[in-house]
Every structure is written in structure tokens, then in C-alpha cells.
Amino acid sequence: MLRTDLIASVATLVQRHADERGDKVAFADATRQVTYGQLAARTANLAGHLADLGVAEGDTVAILLPNSVNWIESSFAITRAGAIGVPISNDATEGEIAYRLQDASCKVVITTDERAPMIEAIRAQCPTVATVIAIGREAGGGLRYENLVSTPPHSQPRDPSSIHDAAYIIYTSGTTGRAKGVLLSVHSMLWVTASCWAPIAQLSERDKVLSPLPLFHSYALNLSVLSILAAGASEYIMEKFSTTEALRLLGSGEFTFLPGVPTMFHYLLEAVKGHDQVNLGGLRLAVSAGAIMPATLNREFESRFGVMLLDGYGITETATMVTMNWPTGGRVLGSCGLPIPGLAVRIVDAASGKDVPAGSEGELIVRGPNVMIGYHNKPQETAA
């Protein structure tokens with residue numbers, strides 16, 4: 001069943017859960033946690049301060065942070081300010097960061113004290129960057145993140161009602177040339193929540209998710225950020241994937257849901273070789289995307305851990321998922337499953353555009369509510 005009740009503005013979802021489960025921990029990391037009630041207040045404060053800093057509707061704000069609760073709060077606040085979020089890998093090179101800031105014309109960068117000097121150094125190439133907001137222990141000059149999220153602003157958050165406008169520019173390497181910025185809306189993202197993660201993976205407010213995924217990536221932005229919020233679930237964010245730490249956390253029995261990529265599940269399997277008993281506590285489901293999942297890995301993981309591992313396929317241009325295996329009915333291990341509800345999927349001959357016969361190779365094409373608005377500043381590539 002399509003969960004259309006989960007498709008709403010970020011402000012609506014934040015307030016819904018603040019009202020219904022305000023004391024529940026929404027997101028946590030190794031250093032702190034935030035409840036739904038605190039999330040509503042802190043993101044409203046930061047959204048208002050962004051407006052005070054001159055961020056207008058449709059302006060772009062970059063997030064250059066490690067996986068953290070701060071990352072989540074920044075993302076929601078940017079959306080609540082009516083701006084467009086530009087997530088950048090915290091491990092990106094100076095050249096990659098400069099290109100993204102310039103290409104997206106970012107007005108503000110939210111980053112760490114460690115990265116702030118580099119941003120200041122590349123501002124000469126990126127004249128649009130007017131403000132740097134820094135997170136860390138250092139005192140002194142500049143705008144401090146914690147001050148902005150914890151103090152009332154002059155402006156109210158804009159909380160735009162339309163969820164069909166561009167809300168994110170996610171950079172994807174594609175196959176050729178420089179990274180392309182994919183324009184995605186809140187609606188396109190939450191369609192995947194409503195048609196895949198909630199009905200197929202049964203993600204709900206009862207789940208506690210352990211997420212090792214890099215948040216700047218569309219898969220994580222979709223599942224580990226927006227879908228957690230939409231469902232009213234709880235999540236612990238790992239700064240980086242660590243096999244030992246993941247097994248320790250899972251062994252606590254707290255977690256019910258584990259998203260990952262195939263290599264992560266491979267490392268978990270390798271780590272328990274020779275161990276008689278492995279306890280993953282209350283884990284009910286693992287899901288994999290981002291790369292091809294070999295049938296042997298899928299089979300071995302389920303056999304060893306006694307936890308179903310569902311594989312799916314998606315790309316940034318479709319706000320992640322295109323196909324997904326279901327936990328019910330027959331599954332063909334090694335297959336990436338069936339198209340998620342609401343999508344039209346065809347396999348065509350790239351030259352003629354005609355459907356190929358069953359069993360033949362071809363190019364997969366997709367139409368649906370989750371397909372991107374287009375590529376940022378690339379009309380020809382978008383048209384193609």
C-alpha cells in the first residue's frame with residue numbers, strides 16, 4: 001500500500017513528530033542525540049538565522065560535514081529556510097569542493113572548524129560564498145553553529161508548502177566528464193519512502209535504524225535522513241562504517257533495521273568466520289543498494305545471521321530506488337527485484353529506443369514521480 005501520508009513538507013513532518021513523540025530520540029551519533037521536540041526547535045532557529053544572513057528562497061547552502069546529528073539538523077534547516085541543500089563529501093578534495101561550491105553558486109557553507117580555513121582559502125574562486133558557519137570546540141570569530149541552533153532568530157523559518165521545487169543538488173559522477181548536479185525535490189525523495197521503504201521494508205516508528213551510509217549520498221539522504229523523519233523512527237548514525245563497531249552496536253540488541261552496500265555485508269560476514277554464535281539482537285531486516293549484490297553473498301548473509309537481506313537498484317537521478325526485492329513472495333537472489341509502485345520501467349535498445357525481447361540486454365529507462373527535475377545548469381544533458 002502506498003503510504004501517501006508520509007509525503008509532506010519537512011516542516012510538517014518535523015512538527016507532526018514533535019507533537020506526537022516530542023521526547024523520542026530522533027537521531028543520535030557518538031557524541032550527542034536530538035529528540036523530535038528538540039529537532040523542531042533547533043531546525044526552526046537555524047532556518048530563521050539563515051534568512052537573517054540573507055539566504056533567500058532558492059539560494060543554495062552547502063553541507064560539508066562528517067556523518068552526524070549536526071548534518072541532519074543542517075539539512076532540515078536549509079529546507080525549512082526555503083533554500084536548496086548541497087551535500088558535499090567531507091572527504092572531498094579541495095578542487096572537488098571548489099567546483100561544487102562554484103557550480104551550485106553556494107551562498108553559505110556549514111562545515112567544521114578543521115575545514116573552515118580551507119573554505120576561506122577557496123572563497124576567492126567562489127565569490128558567491130558570503131558566509132561560513134563552523135562547528136567545533138574552537139572559540140572566537142566567525143559564526144558558531146551551536147549559537148545559531150540554540151538562539152531565537154529575527155526571522156521565522158519560511159517552511160515552504162510546495163514540495164515539488166528543487167530542494168537538493170546531489171552531485172553524481174555519472175559516466176563521463178565532471179560531476180553533474182542532480183536537482184531533486186522533497187516530493188521525489190518521499191515518493192520513494194511512501195512506495196518502497198514504508199510498504200516494502202516496513203520502516204515505521206517502531207524501528208531503530210543503524211546507519212553506516214555516507215549522508216551526502218542520495219541513498220542515505222533518502223533513507224537515513226528523510227525516511228527516518230517521515231516514519232518517525234529513531235536512528236544511530238555511524239561517522240564511518242567500521243565492521244567491529246557495527247557488530248558491537250548490533251550486538252546490543254537495540255537495532256531493528258540496517259541499510260548498507262554489498263561490501264559492508266561482505267565485511268560483516270568475513271568478521272564472524274570461525275565464531276560459533278553471532279548475535280545481531282533484534283535486527284529484523286537489512287537492505288542493500290548502491291552496487292550489485294552477488295547471490296552468493298545474499299544467501300550466505302541470510303544463512304549466517306538469520307536476517308533477511310533485501311537487495312534493490314537505484315540511481316541519484318531517480319531519488320534512489322527504481323527496483324526492490326519484497327520480503328514476501330518469491331525472490332530471485334542476484335536479481336535487484338521488481339519496479340517500486342508508481343514507476344514505469346522498460347528495457348530498450350539504446351539505438352532504436354524499442355523494447356528488447358525478454359531475456360535480452362538493453363538500457364533501463366524509468367518514468368515516475370521520483371525522477372529528477374533535471375541536471376543543474378545543464379539543459380542539454382537534461383533534455384538528452
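Contact here means heavy atoms within 4.5 Å. Helices (H or I, at least four residues) and strands (E, at least two) are DSSP runs, numbered from the N terminus. This is a predicted model, where local features need pLDDT of at least 70, side-chain atom pairs count only at pLDDT 80 or more, and totals for chains, interfaces and linings use all residues. Residue numbers start from 1 along each chain as its sequence is written, and side-chain values use heavy atoms, with hydrogens and water left out.

**A helix pair**

In H10, Pro-262, Phe-265, His-266, Leu-268 and Leu-269 meet Leu-297, Glu-300, Phe-301, Arg-304 and Phe-305 of H11. Sorted by class (Ala, Val, Leu, Ile, Met, Phe, Trp, Tyr, Cys and Pro are nonpolar; Asp, Glu, Lys and Arg charged; the others, Gly among them, polar), this contact has seven nonpolar, one polar and two charged residues.

**Two pockets**

A pocket is an open set of points on a 1 Å grid over the protein atoms alone, where a 1.4 Å probe fits, with protein on both sides within 12 Å along at least five of seven lines; lining residues have an atom within 4 Å of a point. Volume is the space filled by probe spheres set on the points, which are joined across faces, edges and corners.

| Pocket | Volume | Lining classes |
|---|---|---|
| Largest | about 820 Å³ | 21 nonpolar, 14 polar, three charged residues |

S14 (308–315) gives the most to the lining of the largest pocket, with five residues. For the second largest pocket, strand S6 (131–135) and helix H6 (145–150) are the elements giving two or more lining residues.
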